[in-house]
Amino acid sequence: MQTVAVIDYGMGNLHSVAKALEHVGAGRVIVTSDADIIREADRIVFPGVGAIRDCMAEIRRLGFDELVKEISGTRPFLGICVGMQALFDSSEENNGVDCIGLFSGEVKFFGKDLHETNDERLKVPHMGWNEVNQSLDHPLWHEIPNQGRFYFVHSYYAKVTNNQQLVGTTHYGVDFAAAVAKGSCFAVQFHPEKSHTHGLQLLQNFVTWDGYW
């Protein structure tokens, strides 16, 4: 039986992620902050919620910044929400925070005066269901329709500088990265564990993915 490690650095909705993984038949799901257990797992999930400054402080305190760099290229790895944002070069949240640097780009604030092209004022945070355009084909999109809807909760969005890493986009006042991929690493801004059918399909795709793309 395969083991899926959900990285616990104190800043994620770990219970719902673990339950969703169990629901799609992930095998043995372990929520852990033990680096040895994480290294031995067949698959890794890296969730996150909250302010990036606090997240990165805990990630660095536990040595998970280097651990993520080490393991994300050796087996299937899934970043979720702030877990995705932490994989970028930096975030402008909290007056600027350096992040792990696995993906090229910066995490930016939607702004306090965000408007749609028709001048409709948009609420920040971006909260609720929105469409994801599959900008590149990827095994984790298997049986998920293009422009399928997923559940988002965030005030900051990722802007990539390497479009070869951009596999999904969403529009909310601006176009932003909803999903990025690099080798055996895939990361999403939305919450698959809260996204019903499409979210569960993505998690099911993840637990059967061989890590190649």
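Among contacts in the protein (heavy atoms within 4.5 Å) between residues at least 6 apart in sequence, 70% join residues at least 24 apart. The structure is a predicted model, in which local features need pLDDT of at least 70 and side-chain atom pairs count only at pLDDT 80 or more, while totals for chains, interfaces and linings use all residues. Residues are numbered from 1 along each chain as its sequence is written, and side-chain values use heavy atoms, with hydrogens and water left out.

Along the principal axes, the C-alpha atoms fill a box of roughly 55 × 40 × 30 Å. Buried residues account for 54% of the 213, where buried means under 20% relative accessible area, exposed over 50% and partly exposed in between, with a 1.4 Å probe and protein chains only. The secondary structure comprises 6 helices and 13 strands, defined as DSSP runs numbered from the N terminus (helices H or I, at least four residues; strands E, at least two).

Strand β4 (residues 77–80) is covered on both faces, with Phe77 and Gly79 buried on one side and Leu78 and Ile80 buried on the other. Strands are taken to pair if DSSP finds at least two bridges between them. Strand β3 (residues 43–46) pairs with β4 in the parallel sense over 3 bridges, and Val45 stands opposite Leu78 in β4. Strand β13 (residues 185–188) also runs parallel to β4, joined to it by 4 bridges, and Val188 in β13 is the bridge partner of Ile80.

Strand β13 is in turn joined to β12 by 4 bridges in the antiparallel sense, with Ala187 in β13 as the bridge partner of Val180. These two strands form a hairpin with 2 residues between them, and Gly183 in the turn has a positive phi of about 60°. A further antiparallel pairing, of 6 bridges, joins strand β11 (residues 166–172) to strand β12 (residues 174–182); there, Phe176 in β12 is the bridge partner of Thr170. The hairpin of β11 and β12 has 1 residue between the strands, and Gly173 in the turn has a positive phi of about 80°.

Not counting residues up to four places away in sequence, Trp141 touches residues including Val132, Val167, Ala179, Phe186 and Leu202.

The structure holds 14 aromatic pairs; rings of Phe, Tyr and Trp (its six-membered ring) pair if their centres lie within 6.5 Å, with planes under 30 degrees apart counted as stacked, over 60 as edge-to-face and the rest as tilted. Trp129 and Tyr151 form an edge-to-face pair, 5.7 Å centre to centre with 70° between the planes. This pair links Trp129 in strand β8 (residues 126–132) with Tyr151 in strand β9 (residues 148–154), 22 residues apart. Trp129 is partly exposed, with a relative accessible area of 33%, and Tyr151 is partly exposed at 21%. Trp141 and Phe150 form a tilted pair, 6.5 Å centre to centre with 55° between the planes, and both residues are buried.
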